[in-house]
Structure formats: C-alpha cells, structure tokens
Amino acid sequence: MTAQDLETPEAAINASNQIFEFLSNVPVGIWEAVTLAAIGAVGWFGKTGFDMWQKSRLPFKQDRERYQAVVDAIQPEHLHYFREVQLNSIGKGAVDGIDDSYEALSWIRKSRPAYLHGKLRPLEDELSESLRDLCEVMAVRLFVHRANLNVYTMYWDRFDEWSQEDSKRFQEIRDEFFKCIDRSIDAFEAFRDAGNRLFADRLVRGKADG
C-alpha cells in the first residue's frame, strides 16, 4: 500500500483495520512480556536516576565520618616535632605517637566502610603508606639512649670516633629519615585539606540548592 492509496478515507480505514487485526492476532503472552519489559525499563531508569541523584549529593554521611576518624587518628604535632628536635635526644612520646597514629589508621581502614568518594581514597592510601614507611625507618634508625630509656637517638655509640665516612653515612640516614617525615606531613595535610574543601563545597552547594 502506497502513501497515495491512503489519501482516501476508505483506504485509511482499511489500513487501520489491518493493523488492528494484526495486533489482535498477537498472542497474549507476548503482550504480557512486552508489558513487563516496559515496567522493568521504567524501574531501571528510575533507579538509575535515583543513583545519579545520590552520587550528585556525595559525599555521604559515612564519608564524612570516615574522614573525621582518620583526621582524629593522626597526631601531626608528633610529625612536626621531628623538625625541631635534636636527633641525639628524641622524646619517646613522639615516636610512640607516630606508631599509635599508624595503628589507629590501619584499624580504621580494616574496620570501617571504604570511601565512596574517589577524591579521598588515594589521599588516604598515600597517608597510610607514608606512615608505614616512616614507622619502618624509625624501627631501624632510632636507638634507645643508654642514659635514658624515655629518649631515642639517631646516633650510634661511637660519638668521639666518627670518621668522614661515618659523617657521610649519618647524613644519608638523616636525609632518608626526614624525607619520610616530610612525606607523612604532606600526605596528612593533603588529605585534611582536600576533605575540608570537599565537605565545604558540598555544604555550600546543598544550601544553594535549597
């Protein structure tokens, strides 16, 4: 049937009747399947839309709780302490404080739900790795002072017999140690500042959206 054939009312009616007859002959089961598929599609699009809306409202409440738990677990004053202290007399409290921070962070990472927000996950990973490396270096490079068990020293015992090679070796150890300290400080500040910006931006955006 051509478009010209449909120009008359009779032809249009005949075409409609043919379509109706065709649809009437379609088995009921097919219509049920089509209906279920349509309902499923509507449900899928609805769920997808809801998920997209939720993602637009990130970070979730658990993100903020996880972020705050990590910030509270770290004691940055112990990291900064090493920038000021003499390396022949290091307070045990600062060393223990860094160990405690890493243990607390490790517990959080094992026991709490993972971040849903991608911006914070790699920063937390770097913070954890930097503290782990720092703890490993401290375990190898710091010694309990012979005169005071509450004090560590980075020097070995031959204080009066250092050769040029000894001094070179100590400088390498010192550089390695402070590289770890600076990395941990930078990692903590990057994590803390990114979280502050992220949550502040979301709060401002949420208020603007009403």
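Mentor: What follows is a run through the labels, one at a time. Keep in mind that this is a predicted model.

Trainee: Okay, the overall picture to start with. What makes up the chain in terms of helices and strands?

Mentor: There are seven helices and three strands, and along the sequence they come as α-α-α-α-β-α-α-β-β-α. Of the 210 residues, 30% count as buried.

Trainee: Why is S184 called buried?

Mentor: Its relative accessible area is 0%, and the cut-off for buried is under 20%, so S184 is buried. The residue is found in helix α7, residues 164-208. Leaving aside neighbours within four places in sequence, S184 is in contact with L79, L127, S130, L131 and L134.

Trainee: What makes S184 and S130 a polar contact?

Mentor: A polar atom of the S184 side chain lies 3.3 Å from the backbone oxygen of S130. The limit is 3.5 Å, and 3.3 Å is within it.

Trainee: What makes β1 and β3 a pair?

Mentor: Pairing takes at least two bridges, and β1 and β3 have two, in the antiparallel sense. G91 stands opposite V151 in β3.

Trainee: Why does V151 count as buried?

Mentor: With a relative accessible area of 14%, V151 is under the 20% cut-off, so it is buried. V151 lies in strand β3, residues 148-153. Not counting residues up to four places away, V151 touches S89, I90, F143, V144 and H145. V151 and I90 are 61 residues apart in sequence, yet their C-alpha atoms are 5.4 Å apart in space.

Trainee: What makes R109 and E124 a salt bridge?

Mentor: Their side chains meet at 2.7 Å, N to O, and the limit is 4 Å. The pair links helix α5 (residues 92-111), which holds R109, with helix α6 (residues 121-141), which holds E124. E124 is buried, because its relative accessible area is 3%. R109 has 31%, which falls between the 20% and 50% cut-offs, so R109 counts as partly exposed.

Trainee: How do you know that R183 has salt bridges with both E126 and D133?

Mentor: Same test, run on each pair. R183 and E126 meet at 2.7 Å, N to O. For D133 and R183, the closest N and O atoms are also 2.7 Å apart. D133 lies in helix α6 and R183 in helix α7, so this pair ties together parts that are 50 residues apart in sequence.

Trainee: What makes this a network?

Mentor: Shared partners: salt bridges join E126, E129, R132, D133 and R183 into one network. A search of the whole structure finds 11 salt bridges.

Methods:
Residues numbered from 1 in each chain as written. Predicted model: local features only at pLDDT ≥ 70, side-chain atom pairs only at ≥ 80, totals over all residues. Heavy atoms only, no water. Helix = DSSP H or I, 4+ residues; strand = E, 2+ residues; numbered from the N terminus. Buried < 20%, exposed > 50% of the residue type's maximum accessible area, 1.4 Å probe, protein only. Polar contact = N/O pair within 3.5 Å; in protein donor to acceptor, adjacent residues only side chain to side chain. Contact = heavy atoms within 4.5 Å.
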